Number of protein chains: 2
Amino acid sequence: MESTKIFSEVPNIQYQEQTPEILVEEFRKVITSRRSVRVFDATPIPEAVMTDCLELALLSPNSSNLQPWEFYWTHSPEKKAKLIECCLSQPAARTAAELIVCVARTGTWKQNSRLMIERFKAQGSEVPKPAYDYYRKLVPLVYGQGPLGAWGPVKKAVVILRGLFTPTPREPASGADMRVWATKTTALAAETLMLALRAHGFDSCALEGFDSVRVKKLLELPSDAYTVMVIAAGKRAPNGVYGPRIRFESSLFIKKI
Amino acid sequence: MESTKIFSEVPNIQYQEQTPEILVEEFRKVITSRRSVRVFDATPIPEAVMTDCLELALLSPNSSNLQPWEFYWTHSPEKKAKLIECCLSQPAARTAAELIVCVARTGTWKQNSRLMIERFKAQGSEVPKPAYDYYRKLVPLVYGQGPLGAWGPVKKAVVILRGLFTPTPREPASGADMRVWATKTTALAAETLMLALRAHGFDSCALEGFDSVRVKKLLELPSDAYTVMVIAAGKRAPNGVYGPRIRFESSLFIKKI
């Protein structure tokens, strides 16, 4: 399969990017001091800080750079009040300075694939042909599920057959797979967003206990949009963390093989 | 519904956790210098660094603290070679010092729910009753899908009916929802892992182009396990980053409402 060459060959590019020295202990503080904060005090998050955190989130790794994420930042007090209700009026939502709905889109890859090709063109001759081929040929093949998902089962059959003989990526082969795909990337950015808030001295709580149907209606989301989580953000109140962090034995989760 | 009180009331707990001062610019360096690195040099990642990164990942926020994640860290050269094949022998996999398979589990919540209750008991009288109720009553109701998923459609019907009148969480109401649920949390930790590697001076590439069927077989994963991504890690080679980072207009993704 010609397309696998796109993966297996290292292109001949004269690009280099240096890395800075980083104080790892500062990063460690971000991770260890991040807790799910369930009560916030009245401190507002400056608009510039919130914008910075969201912009940092957009630098997260994402699938094929197709950026299938969206972040709905409630500014209207009416919408915020309704969103709090959708979140069952949990204290984290009720007391949050800001509420951000993280949304995964399964349909924006087409547009974003075209944007990638435009950017390549703008970069000029430095972009090798396999990069163009990736977005022109492979992306539609991999992410397209056809009208009403009809292409999915065909792809699945081909993939299963091919997979008998040689390693073959299996997903996404259905609408359900696409939802997993877009959710995964959106969660990567959601984590960056929460860490960025902590680095800026603010806190967050990732909420999954919300009414996704009502949230979709409130945000007027299209049918290919999935609400991944609502991030409540603000400054922790003294009683904002409910107890010491609980994690089970690492050996349950880190498996050396 | 009694169970919603668990969400809506702030418990009376005398617990407080201070936050440290953090140099936000150090965090910014982690985010901005993280790139998907596709060629690594021969530098090994010290075992202690890799362990630290994985342990930091386990501090990520996760759904109801049910920690449905697993990280398979390839030590055996034979398994690593096979895993590289499963990843289509992409340069990032081929040249990686370490390969970590991030796995989402939809079935470990039962065991972990019991572990939560045990931990509460060990903490003694400070843990309020709603916390016990949450894991004893609400968690089985929310995450249990019944034998062969039979409970799912019933729950869905109840939830739709209830949702006509009052905000009601809708998911997870199926095996597919559980897969999304576990994947989401695992992705949060995967992002922390990649950022921790960067903070330690190492690099990563999140791979989705792999044969999930072969990987599951290789890792001897049970049926409730989903391979979320393979993280290739190491030190970037001079030609490891294929070009300048491309992100589209923020306004496509950050929506003020």
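**Ground rules**

I number residues from 1 along each chain as its sequence is written, and I letter chains from A and number ligands from 1 in the order in which they are written. Since this is a predicted model, I take local features only at pLDDT of at least 70 and side-chain atom pairs only at pLDDT 80 or more, while totals for chains, interfaces and linings use all residues.

**Entry 1: chain A as a whole**

I began with chain A and found ten helices and five strands. Helices here are DSSP runs of H or I with at least four residues, strands are E runs of at least two, and both are numbered from the N terminus. Along its principal axes, the C-alpha trace of chain A spans about 60 × 45 × 45 Å.

I then looked up burial: 48% of the 257 residues of chain A count as buried. Buried means 20 or more other C-beta atoms within 10 Å of the residue's own, exposed means 12 or fewer, and partly exposed lies in between, with C-beta atoms placed from the backbone.

For contacts, I use C-beta atoms, placed from the backbone, that lie within 7 Å. Among chain A contacts between residues at least 6 apart in sequence, 81% join residues at least 24 apart.

**Entry 2: how the two chains relate**

I superposed the copies by least squares on the C-alpha atoms of residues with pLDDT of at least 70 in both. A rotation of 180 degrees, with 0.0 Å of shift along its axis, places chain B on chain A at RMSD 0.0 Å. That is the relation of a two-fold axis. Both copies use the same surface, as 100% of the contact residues of chain B recur in chain A.

I also looked up the interface, where 99 residues of chain B contact 99 residues of chain A. On the chain B side, α9(B) gives the largest share, 13 residues. That side divides into 50 nonpolar, 28 polar and 21 charged residues. In this sorting, Ala, Val, Leu, Ile, Met, Phe, Trp, Tyr, Cys and Pro are nonpolar, Asp, Glu, Lys and Arg are charged, and the others, Gly among them, are polar.

**Entry 3: a sheet with strands from both chains**

Which strands form the open sheet, and in what order? I read five, ordered β3(A)-β4(A)-β2(A)-β1(A)-β5(B), with mixed pairing. β3 (203–207) of chain A and β5 of chain B stand at the edges with a single partner strand each, so one side of each has no neighbour in the sheet. Neighbouring strands are turned by 25 degrees against each other on average, direction ignored. Pairing requires at least two DSSP bridges between two strands.

At the chain boundary, β1 (residues 69–73) of chain A pairs with β5 (residues 254–256) of chain B in the parallel sense over three bridges. A:Y72 stands opposite B:K255, and A:W73 stands opposite B:K256. On its other pairing, β1(A) runs antiparallel to β2 (residues 98–105) of chain A over five bridges, and there A:W73 has A:I100 as its bridge partner. Four of the five residues of β1(A) are buried.

**Entry 4: a helix pair in chain B**

I next checked α3 (residues 47–57) and α9 (residues 175–199) of chain B: their axes come within 8 Å and cross at roughly 145 degrees. Axes are lines fitted to C-alpha atoms over the stretch in contact, and angles run from 0 to 180 degrees between N-to-C directions. B:C53, B:L54, B:L56 and B:A57 in α3(B) meet B:A189, B:T192, B:L193, B:A196 and B:L197 in α9(B). The residues of this contact are eight nonpolar, one polar and no charged.

**Entry 5: a look at B:A225**

Is B:A225 buried or exposed? B:A225 is buried, because 23 other C-beta atoms lie within 10 Å. B:A225 belongs to strand β4 (residues 225–234) of chain B. Leaving aside neighbours within four places in sequence, I found B:A225 in contact with B:V103, B:R105 and B:K216.

Definitions and conventions: Two residues are in contact if their C-beta atoms, placed from the backbone, lie within 7 Å.
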